[in-house]
Amino acid sequence: MNTVIVGAQWGDEGKGKIIDILTEKADYIVRYQGGNNAGHTVVVRGEKFIFHLIPSGILYPGKICLIGNGVVVDPRAFISEVEYLRGKGVKIDGNLLVSERAHIIFPYHRVLDNLREEKKDGTSLGTTRRGIGPCYADKITRVGFRLCDLLNAEYFARRLKDVLAEKNEILSKVYNFKGFEFDEIYDTYRDYAEKMKKYVCRCSGILNKAIEKGKNILFEGAQGTLLDIDYGTYPYVTSSNPVGGGACTGTGISPTKIDKIIGVAKAYTTRVGEGPFPTAFSSEHMRIVQSKGEEFGFTTGRARRCGWFDGVLARHSVLINGLEEIAVTKLDVLDELELIKICTAYKYKGKLVEDFPADLEILSGLEPVYEEHPGWKQDISNVSKYNNLPLNARKYLKRISELLGIKVSIVSVGSNREQTIFV
Ligand code: GDP
Ligand code: IMO
Ligand code: MG
């Protein structure tokens, strides 16, 4: 069984936790896009693990974790994450592999990301400043470096000279930034190449062989559908395809090999960074949900904006990803609310909008149409069976399932593994 886990909102849906739960039945866990802009939290017996690049499956002995070609890898972040995990007692020895085709993040990518974010002309996107966008841009304009390119010293030197000359011109002429020395980057990255050599693999070959042998693969999406470069709230998006389709291009397996795509959505909505957010809370709920839901990102420490569950946005995710089931997380965060709203449609200039719009001006002027549901006003964090959830919580989940036209298959009521209800 090959399953893709995708974020159905703007990221931070709790994918890390759901992937961790499903890893038990998987043999391979594969990241297919994004980079160390991601922050996936897994809590095991009260201990918190935060993953940026490495699939969380690494916590389970006997599983193979792969970083696919669709991921952009910052070697500095990769090496420090390996050290962080080893420091926490996680065994990394032959169970972690990185595609030779994965593109590599360089210091000029991070600097360019930062300089663009620092511009005071109102164009900042609120990126994680990890160099993700500039690295993907170089991949597409064919001036990037893949992991295999770092390993070829002669080719790397020749090409880096040309690429760096152009980067330095841009940095100095457009941004008045002094630029980078060839020797420093070359030496540092050749050193990284030596350290990463033992992880290099042919991702597509390994996965296709595993599929032939009937192994189970779990594809770990980062970010979320509304941050997708094609289907999100462009330009307030990330630079990759978090949607289910990205799992194929990002790892080298065919769409015919995917059996199931599971969406992960919070019982409400959050977003970090700039961009339209139709169902954002007024200040009172913002404070309650932000604090109970601990809605502060681990990657950049920024507060996440919070809002009501957006059914239109989630339906968009169901459609784009072909979702057949969804995991609803953080239901416990709504425990104390008297009244809970669900957005079922939008209005724009008085007219009903039932599909998620592309136009940024329309997106920014949408008025959500809400229906109201009574809260359950009860602590559900220890509930382990669906039927033991309060009636109002079950009604709320049933309505989400109805609106999306798919099954809610998992409900999460806390960050620990045990706080999971299989429906
Ligand atoms: P991801 O990026 O999609 O993996 O999500 P993050 O890890 O960035 O954010 C989700 C946060 O919510 C993490 O701190 C999780 O530990 C936490 N979390 C996950 N599921 C639940 C849940 O059901 N209830 C509560 N209260 N917290 C949860
Ligand atoms: P996980 O995997 C939430 C957001 C950034 C910014 C936009 C572009 O933990 O769900 P980027 O650095 O990617 O160029 O920033 O995307 N963003 C995320 N938001 N969760 C994430 O990852 C995110 N990764 C990027 O905040 O708005
Ligand atoms: Mg996250």
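To begin, is Asp 12 buried, partly exposed or exposed, and what is its relative accessible area?

Analyst: Asp 12 is partly exposed, with a relative accessible area of 21%, where buried means under 20%, exposed over 50% and partly exposed in between, using a 1.4 Å probe and protein chains only. This is a predicted model, in which local features need pLDDT of at least 70 and side-chain atom pairs count only at pLDDT 80 or more, while totals for chains, interfaces and linings use all residues. Residues are numbered from 1 along each chain as its sequence is written, chains are lettered from A and ligands numbered from 1 in the order in which they are written, and side-chain values use heavy atoms, with hydrogens and water left out.

At the site itself, the magnesium ion (ligand 3) is coordinated by an OD atom of Asp 12 and the O atom of Gly 39, at 2.0 to 2.1 Å. These two residues come from distant parts of the chain, 27 residues apart: Asp 12 lies in the loop between strand E1 (2–7) and helix H1 (15–23), and Gly 39 in the loop between strand E2 (28–31) and strand E3 (40–44). Donors are N, O and S atoms within 2.8 Å of the metal (3.2 Å for Na, K and Ca), and because water is not among the atoms, sites may look incomplete. Gly 39, with a relative accessible area of 17%, is buried.

Asp 12 also belongs to a network of salt bridges that links it with Lys 266, Glu 295, Arg 304 and Lys 330, a salt bridge being a side-chain nitrogen of Lys or Arg within 4 Å of a carboxyl oxygen of Asp or Glu.

Strands E1 and E2 both take part in an open sheet of 10 strands with mixed pairing, in the order E9-E7-E5-E2-E10-E1-E11-E15-E19-E20. Strands E9 (200–201) and E20 (420–422) stand at its edges with a single partner each, so one side of each is left without a neighbour in the sheet. Strands (E, at least two residues) and helices (H or I, at least four) are DSSP runs numbered from the N terminus, and two strands pair if DSSP finds at least two bridges between them.

Glu 325 sits in strand E15 (residues 325–329) and Lys 260 in strand E11 (residues 260–266), 65 residues apart. Glu 325 is buried at 11%, whereas Lys 260 is partly exposed at 21%.
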